[in-house]
Amino acid sequence: SPPPPVVHDRKIIRNADLHLEVEAYDKAYPAIVEITRAKRGFVAGASTTRLANGKIKATITLRIPPERFEETIAELAKLGTERHRNLSSADVTKQYTDLEARLKSKETLVERLKKVLLEGKGTVKELMEVEVQMGATIEQIEVIKGELKYYNDLVGMSTITLQVFEKDLGLPFEYVQTLQSVITVRAFDVDARYAQAQQVILAAGGQVVQSQLSRSNEEQACGLVRGKVDTAAL
């Protein structure tokens, strides 16, 4: 059998996922935009989140001409410390070619159906069926054109998904500031100590978040008091 035809115009979709640690997001973002515009690309989307420790994490989607894909990544990586990089590509030439063939076939069918309607041969019912078929075919053509446009968009401009996060100077705030202590006390007068423990927490400007006293008999009891107190008052 003859070899398959050589396709010179390959349809390649290129994507990159880059994680970048920076000193300050407010300084990094303008530099990202400047690099993107210099490469004739554009920022397709950006979202930011402020973490519990006050640091900013952002996801930025960039669209870059394929011929400037690698050089753009290289320049972006210089803005901070690169933590992760993943490059991928997908050859959609076959899917694209198949869609083009389907489109041509559907368009040919529409022209043939139009000719049938113009000639007006056949019964009214037959002509109505032709109209229905032509309408359905035209809808299929629009769907195929939409798929081709989708591929053209992805092939025409490569996508870089950039995860940017500010350098963490320490542990998150709640972990740095939160201490936990469990104290077990045995006493003869459990009721008095149970009430006293709550007063100690309140006197320190804290909050009693849980208190429970249970008795196994008239002589034995067990109390639990859980509270939140400012670290400085410990």
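The axes are lines fitted to C-alpha atoms, for helices over the stretch in contact, and the angles run from 0 to 180 degrees between N-to-C directions.

This is a predicted model, in which local features need pLDDT of at least 70 and side-chain atom pairs count only at pLDDT 80 or more, while totals for chains, interfaces and linings use all residues. Residues are numbered from 1 along each chain as its sequence is written, and side-chain values use heavy atoms, with hydrogens and water left out.

**Helix pair H3 and H4**

The axes of helix H3 (residues 93-119) and helix H4 (residues 124-156) cross at roughly 155° and come within 9 Å. The two helices are therefore roughly antiparallel to each other. Their crossing is left-handed, a term for a near helix turned anticlockwise from the far one by less than a right angle, with clockwise giving right-handed. Sorted by class, the contact of H3 with H4 has 16 nonpolar, 5 polar and 8 charged residues. Here Ala, Val, Leu, Ile, Met, Phe, Trp, Tyr, Cys and Pro count as nonpolar, Asp, Glu, Lys and Arg as charged, and the others, Gly among them, as polar.

**Overall architecture**

The protein chain holds 6 helices and 7 strands. Helices (H or I, at least four residues) and strands (E, at least two) are DSSP runs numbered from the N terminus. Read from the N terminus on, the elements follow the order β-α-β-β-α-β-α-α-β-α-α-β-β. Of the 234 residues in the protein chain, 24% are buried; buried means under 20% relative accessible area, exposed over 50%, and partly exposed in between (1.4 Å probe, protein chains only). Among contacts (heavy atoms within 4.5 Å) with a separation of 6 or more, 72% join residues 24 or more positions apart.

**Nonpolar cores**

In soluble globular proteins, nonpolar side chains tend to be buried together. A nonpolar core is a set of buried Ala, Val, Leu, Ile, Met, Phe, Trp, Tyr and Cys residues joined through side-chain atoms within 4.5 Å. The largest such core has 19 residues, of which Ile32, Ile60, Leu62, Leu76, Ile160, Leu162 and Val164 touch the most other members. At least two residues of this core come from each of strand E1 (12-22), helix H1 (25-38), strand E3 (56-64), helix H2 (69-77) and strand E5 (158-166). The most is given by E3, with 5 residues. Apart from this core lies another, of 16 residues, including Ile13, Leu113, Met134 and Ile144.

Leu162 illustrates the packing. Not counting residues up to four places away in sequence, Leu162 touches Leu18, Leu20, Ile32, Ala58, Thr59, Ile60 and Leu76. Thr72 is found in helix H2 and counts as buried because its relative accessibility is 0%. Leaving aside neighbours within four places in sequence, Thr72 is in contact with Ile35, Lys39, Ile64 and Ile160.

**Selected residue pairs**

The table lists pairs of residues with their separation along the chain and their C-alpha to C-alpha distance.

| Pair | Separation in sequence | C-alpha to C-alpha distance |
|---|---|---|
| Gln95 and Lys11 | 84 residues | 9.2 Å |
| Glu131 and Leu117 | 14 residues | 7.7 Å |
| Lys55 and Glu166 | 111 residues | 5.8 Å |
| Gly227 and Ile201 | 26 residues | 6.5 Å |

Gln95 belongs to helix H3 and, at 37% relative accessibility, counts as partly exposed. Glu131 lies in helix H4 and is partly exposed, with a relative accessible area of 49%. Lys55 is found in the loop between E2 and E3; at 18% relative accessibility, Lys55 counts as buried. Gly227 sits in strand E7 (residues 221-228) and is partly exposed, its relative accessibility being 35%.

**A positive phi angle**

Arg40 is found in the loop between H1 and strand E2 (42-50). The phi of Arg40 is near 65°, a positive value in a residue other than glycine. With a relative accessible area of 65%, Arg40 is exposed.

Notes:
Parallel < 35°, antiparallel > 145°, perpendicular 65-115°, else oblique.
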